[in-house]
Amino acid sequence: MDTKGPNRDVRSTPQWALYQRENFWASNEGKAPLIDTDPANLEELARQKLTQNGWNYVASNAGLSHTHTANRQAFYRHRIVPRMLVDTNSRDTATTIFGHRVAAPVGFAPIGINKIYHPHGELPVARPASCGCRTPIEDVGKANGEGGVRFFQLYMGHDDELTASLLRRAVDAGFEACILTLDTWQLAWRHHDVATSNYAFYRGVGADLGLSDPVFQQHLREAGIDPVKEPERAGAKWIDENVWHGRAHTWEKVKWAMQLWKDVSGGKPFCLKSIQSVGDAKKSVELGVDGIVVSNHAGRQVDGAIASLDALEKIVDAVGDRTYIMYDSGVRGAADVFKALALGAKFVFVGRLWVWDLSIMGEHGVRHVMKSLLAEFDILLNVGGFQHVGQIIDRGALETHPAGYDLPATKSKL
């Protein structure tokens with residue numbers, strides 16, 4: 001790629017595609033690309049790097065992994081229709097999200113318990129990205145620095161005082177939006193984790209968000225639990241009572257949480273994650289939420305569910321002009337990002353890709369895999385004939401085949 005080409009003078013974002021050239025040139029300087037970013041390769045390297053329990057947790061899905069498989073099948077049935085002789089010298093990957101201009105429609109999906117994958121937890125991810133986490137909110141905000149849009153993912157318990165404390169801390173730490181995740185009141189049945197007693201919180205790992213909160217600290221004192229001497233009991237109290245508590249919420253509680261966030265944040269965006277049905281999407285719009293994330297938790301919560309991408313199509317048709325729709329689940333490459341955008345999502349979150357590289361190479365790995373994804377996306381626009389993100393949000397950019405089982409169900413986690 002010509003580093004002095006006309007594209008550099010017209011775009012408002014970095015020329016992500018030049019990262020390919022940087023890697024090709026590396027051997028001339030006695031260097032080599034950090035790692036092969038093919039998803040199958042990343043997955044295998046992560047499996048080799050992690051402990052057995054660490055691997056089980058990152059790889060596990062609900063039940064027989066059929067929802068996970070359906071996610072990949074759905075991507076496969078949509079095919080991109082390239083356009084030729086388009087002046088992509090004028091292309092740009094920029095977009096907007098809740099009034100913030102960002103360099104690409106791609107974000108880091110918030111994933112918890114990152115200390116399983118790296119001793120510094122979320123911090124190696126926060127430096128190159130925005131991320132909700134299990135590390136103290138304040139530390140993530142500092143590590144993330146200025147710029148970008150930080151989303152705070154709320155797993156809501158039934159302690160209203162604690163919820164209010166968490167949201168106030170998120171605002172003070174510079175988080176720009178709240179995403180309430182709806183499908184994790186209880187952890188799904190995951191065979192390998194159950195078989196190996198693989199529950200980090202019961203081992204005293206992953207409760208940093210709670211342990212750093214003054215309200216929860218008071219609850220620990222009232223219960224007579226010393227988190228330093230009894231980390232397992234402290235972790236159990238956090239997860240059992242405040243995250244995967246098994247006690248469902250209703251739409252009335254969503255209204256309460258949204259109003260609380262609006263009050264403490266001064267009206268910043270409030271979103272719902274894990275929307276899969278048209279009915280729930282319509283209800284979300286009726287309540288006045290600012291956005292929804294169409295997601296099935298990458299197949300980790302409800303086995304045998306519909307593919308998230310299939311849900312996206314129906315939800316966009318129903319409410320796409322009335323709320324900001326984001327997408328999550330099963331993304332493995334730039335073509336997947338493109339397809340989700342073409343089907344109506346305005347922003348796409350990526351999860352397992354960066355988790356694998358976090359476990360392999362820490363912060364350097366996370367940065368490499370995401371820069372590679374952005375380079376691949378930039379190149380796809382160039383060779384596919386698309387000048388900007390607005391041109392992708394058009395189903396004419398895809399040829400869509402009937403829903404089916406084009407990819408056989410296998411043990412692969414891809």
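User: Which residues does Pro214 touch, not counting residues up to four places away in sequence?

Analyst: This is a predicted model, in which local features need pLDDT of at least 70, side-chain atom pairs count only at pLDDT 80 or more, and totals for chains, interfaces and linings use all residues. Residues are numbered from 1 along each chain as its sequence is written, and side-chain values use heavy atoms, with hydrogens and water left out. Pro214 lies in helix H11; helices (H or I, at least four residues) and strands (E, at least two) are DSSP runs, numbered from the N terminus. Contact means heavy atoms within 4.5 Å, and with residues up to four places away in sequence not counted, Pro214 touches Ser165 and Arg221.

User: What is the relative accessible area of Arg221?

Analyst: Arg221 lies in helix H11. Buried means under 20% relative accessible area, exposed over 50% and partly exposed in between (1.4 Å probe, protein chains only). Pro214 is partly exposed at 48%, whereas Arg221 is exposed, with a relative accessible area of 53%.

User: How many Å separate the end C-alpha atoms of helix H12?

Analyst: H12 covers residues 231-242, which is 12 residues. The expected span of a helix is 1.5 Å times one less than its number of residues, and for H12 this comes to 16 Å. The model agrees with that value, as the end C-alpha atoms of H12 are separated by 16 Å.

User: Which helices do the buried residues of H12 pack against?

Analyst: The buried residues of H12 are Ala234, Gly235, Ala236, Lys237, Trp238, Ile239 and Asn242. Their packing partners are helix H8 (160-172), helix H10 (208-211) and helix H11 (214-223).

User: Where in the chain does H17 bend?

Analyst: Helix H17 (residues 352-384) has 33 residues, and a straight helix would reach 48 Å at 1.5 Å a residue, but its end C-alpha atoms are only 26 Å apart. The bend at a residue is the angle between axes fitted to the seven residues ending there and the seven starting there. In H17 this angle is about 140 degrees, and the bend is at Met361.

User: How many of the residues of H17 are buried?

Analyst: H17 is followed by Gly385, whose phi is positive, near 90 degrees. The helix itself is largely enclosed by the rest of the structure, because the buried count among its 33 residues is 24.

User: How do H4 and H17 run relative to each other, roughly parallel or roughly antiparallel?

Analyst: Axes are lines fitted to C-alpha atoms, for helices over the stretch in contact, and angles run from 0 to 180 degrees between N-to-C directions. Angles under 35 degrees count as roughly parallel, over 145 as roughly antiparallel, 65 to 115 as roughly perpendicular and the rest as oblique. The axes of helix H4 (residues 52-59) and H17 come within 11 Å and cross at roughly 170 degrees. That makes H4 and H17 roughly antiparallel.

User: How many residues of the contact of H4 with H17 are charged?

Analyst: Trp55, Val58 and Ala59 in H4 meet Arg352, Val355 and Trp356 in H17. Ala, Val, Leu, Ile, Met, Phe, Trp, Tyr, Cys and Pro count as nonpolar, Asp, Glu, Lys and Arg as charged, and the others, Gly among them, as polar. The residues of this contact divide into 5 nonpolar and no polar, while the charged number 1.

User: What is the relative accessible area of Leu398?

Analyst: Leu398 is placed in strand E11 (residues 398-400). Leaving aside neighbours within four places in sequence, Leu398 is in contact with His78, Arg79, Ile80, Val81, Phe338, Lys339, Ala342 and Leu343. Leu398 is buried, and its relative accessible area is 8%.

User: What is the relative accessible area of Thr163?

Analyst: Thr163 is found in helix H8. Not counting residues up to four places away in sequence, Thr163 touches Leu154, Met156, Gly157, Trp256 and Leu260. Thr163 is buried, at a relative accessible area of 3%.

User: What is the phi of His297?

Analyst: His297 lies in the loop between strand E8 (291-294) and helix H15 (308-319). At 13% relative accessibility, His297 counts as buried. His297 is not a glycine, yet its phi is positive, at about 60 degrees.

User: What is the phi of Ser197?

Analyst: Ser197 lies in the loop between helix H9 (191-195) and H10. Ser197 counts as partly exposed, at 49% relative accessibility. Although Ser197 is not a glycine, its phi is positive, at about 55 degrees.
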